[in-house]
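Colleague: Could you take me through this model, keeping to what was computed from its atoms?

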Amino acid sequence: MLGKVYLIGAGCGEADLITLKGLKKLLEADVVLYDSLVDENLLQNLSGGVEKIYVGKRYHQKSMPQEQINELIIQYAKAGKVVVRLKGGDPYVFGRGSEEALAIEEENIPYEVIPGISSAIAVPELAGIPVTHRQLSRNFTVLTGSSVGVDRSEDITPIDYKALIKLGGTIVFLMGYHHVLEIMENFLDAGMDEKTPCAIISKGCTREQKVIRGNIKDIAMKAEQEHLEAPIIIVIGECVNLDLKGKISSVEKIKASKNEGLNGVKVAVTGSDNFVRKLSNKIVAGGGKVLDCGFLDIICNSEPLPDVRNFDWIVFTSQNGIEQFFLKMKKESKDIRLLAGIKIAVIGSGTAEKLAEYGIYPDLIPSRFDSDTLTEELLSKLQEDEKVLICRAKEGSDLLVNKLEIDGYDYKDFQIYELRENIEKKSLISALKIDSFDVDYLVFGSAKGVTTFFDSFGKSFDENIKVVCIGQKCAQALNKYNVGEIFVADKYDIDGIIDCIEKDYNKG
């Protein structure tokens, strides 16, 4: 059975600029092939079972050939998958989406194109520059600054600059980072007035956006002095003199200031999809950026749940354990009323919040969110004849189990899930990627995450990167590796990690 392909424009810049239809179809995907300019926060919303494949292209860097991308799309679609080809901006504006559409059509595979907001219009717009304005510019022309020639080499796009000048209006160059000086010299040689207004926008439609203005005579020098980073968009014409960025109210300013404790911070997060997604959402909400370094999948135990009616206590040591427990309850058609009268202990506030999603509130949350305190405080409440069901990860702490065994309590250690490496995702994560992202912090949410990460990649990232972990067990695992400064969250949950990063980052 054939699957279906969606060619989706993710819009330019940050994740919330995707269209509603684009987001809806993205969340239905089995496989997502995404570009380098796609905001990775879009990928955080996908379920753990979605296969994510990076196929990004950058100037003069080794990348997956277009033919291979086409083959992957077709291969997955023929396997019955819902395939999303997620592209920055719009699929058909210098995105090679039309080449992919032709390849899909040749194989008679159903597909749909979902437009995206093109950076050619939106980036100047959010920088205060409309591409058209009555009496200033009645037309605009969009070009690519670099292109691939017949011999597959990438260089400046050959353009008739004299004809371009005669068209008038606003001129917009995408992908011109490496050719700013040449482009301006070509305009001057073709007879354009050297005082023609020009702007360059770096990392448009993101929190890191930077705009410089000048004219075609001096803009290349200004760009070099400001050390602008790719991607950039070049805008030429009288509309550049406008500055229509909009204004926010004083109330909005107050709200924004409260949400900027992590503004500009860059964090790499390891762990399972759930952990990475939840922590990432909070970092992004605070103004930071996230690199997804999680390559651990949650694999549920195939054994049926023990009969909960035989137990007086159920202990959950993670949010993942709670999620898997209720998924198994549903799959095994077990009525939630079976839990009536059973006391529940959780390891921390985040686990309690997860439990509350199912309308259940714990009888015990330890005063400190770690295995030692949970064990100590549970044993202080436990009666001699009470039975305990522990739902935990296969790789979780044995402390509670060992203590119950030594003290002679009746218990069942049900390892409800395990963390398993996603080999394909792991292959996309490397120390080089972390270094290129210029990370400030690397976060670990478990001791298992520590050992898995370093066993896979070794200690090879920049020593200036600060390491943050969720508790003492995690810190002990990190001590085996020469990672430099380690920060341990005061509160052993996601909010504790956020507070830890925010306090250090705001020291400057």
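This is a predicted model: local features need pLDDT of at least 70, side-chain atom pairs count only at pLDDT 80 or more; totals for chains, interfaces and linings use all residues.

Colleague: Which residues in helix 10 are buried?

Modeller: The term is used here for residues under 20% relative accessible area. In helix 10, the residues that are buried are D273, N274, F275, V276, R277, L279, S280 and I283.

Colleague: How many salt bridges does the count come to?

Modeller: A pair is counted when a side-chain nitrogen of Lys or Arg lies within 4 Å of a carboxyl oxygen of Asp or Glu. One of the pairs is K203 with E229, whose closest N and O atoms are 3.0 Å apart. By this rule the number of salt bridges comes to 29.

Colleague: How many residues apart are K203 and E229, and where do they lie?

Modeller: K203 forms a salt bridge with E229. This pair links distant parts of the chain, with K203 in the loop between strand 10 (197–202) and strand 11 (210–215) and E229 in the loop between helix 8 (219–226) and strand 12 (232–236), and the two are 26 residues apart.

Colleague: Why does K203 count as buried while E229 counts as partly exposed?

Modeller: Buried means under 20% relative accessible area, and exposed means over 50%, with partly exposed in between. E229 counts as partly exposed because its relative accessibility is 45%. K203 counts as buried because its relative accessibility is 17%.

Colleague: What do E208 and K266 tie together?

Modeller: The side chains of E208 and K266 meet in a salt bridge at 3.6 Å, N to O. E208 lies in the loop between strand 10 and strand 11, and K266 lies in strand 13 (residues 266–269), so the pair ties together parts that are 58 residues apart in sequence. As for accessibility, E208 is partly exposed at 26%, whereas K266 is buried at 14%.

Colleague: Which helix gives the most to the negative patch?

Modeller: On the surface, D155, E182, E185 and D189 gather in a patch of negative charge. E182 is placed in helix 7 and counts as partly exposed at 35% relative accessibility. With three residues in the patch, the helix that gives the most is helix 7, residues 180–189.

Colleague: Which residues make the nonpolar surface patch?

Modeller: One of them is found in the loop between strand 4 (82–87) and helix 4 (97–106), namely V93, and V93 is partly exposed, with a relative accessible area of 31%. The patch, of about 240 Å², is made by V93, F94 and M175.

Colleague: How far apart in space are F316 and P362?

Modeller: F316 lies in strand 16, residues 313–316, and is buried, with a relative accessible area of 1%. F316 and P362 are 46 residues apart in sequence, while their C-alpha to C-alpha distance is 9.7 Å.

Key. Residues are numbered from 1 along each chain as its sequence is written. Side-chain values use heavy atoms; hydrogens and water are left out. Patches are made of residues with over 30% relative accessible area and no salt bridge: like charges are joined within 9 Å, nonpolar side chains (Val, Leu, Ile, Met, Phe, Trp, Tyr) within 5 Å. Accessible areas come from the Shrake-Rupley method with a 1.4 Å probe; for residues, only the protein chains shown count as cover. Helices (H or I, at least four residues) and strands (E, at least two) are DSSP runs, numbered from the N terminus. Buried means under 20% relative accessible area, exposed over 50%, partly exposed in between (1.4 Å probe, protein chains only). Lys and Arg count as positive and Asp and Glu as negative; His and the chain ends are not counted. The place of a charge is taken as NZ of Lys, CZ of Arg, CG of Asp or CD of Glu.
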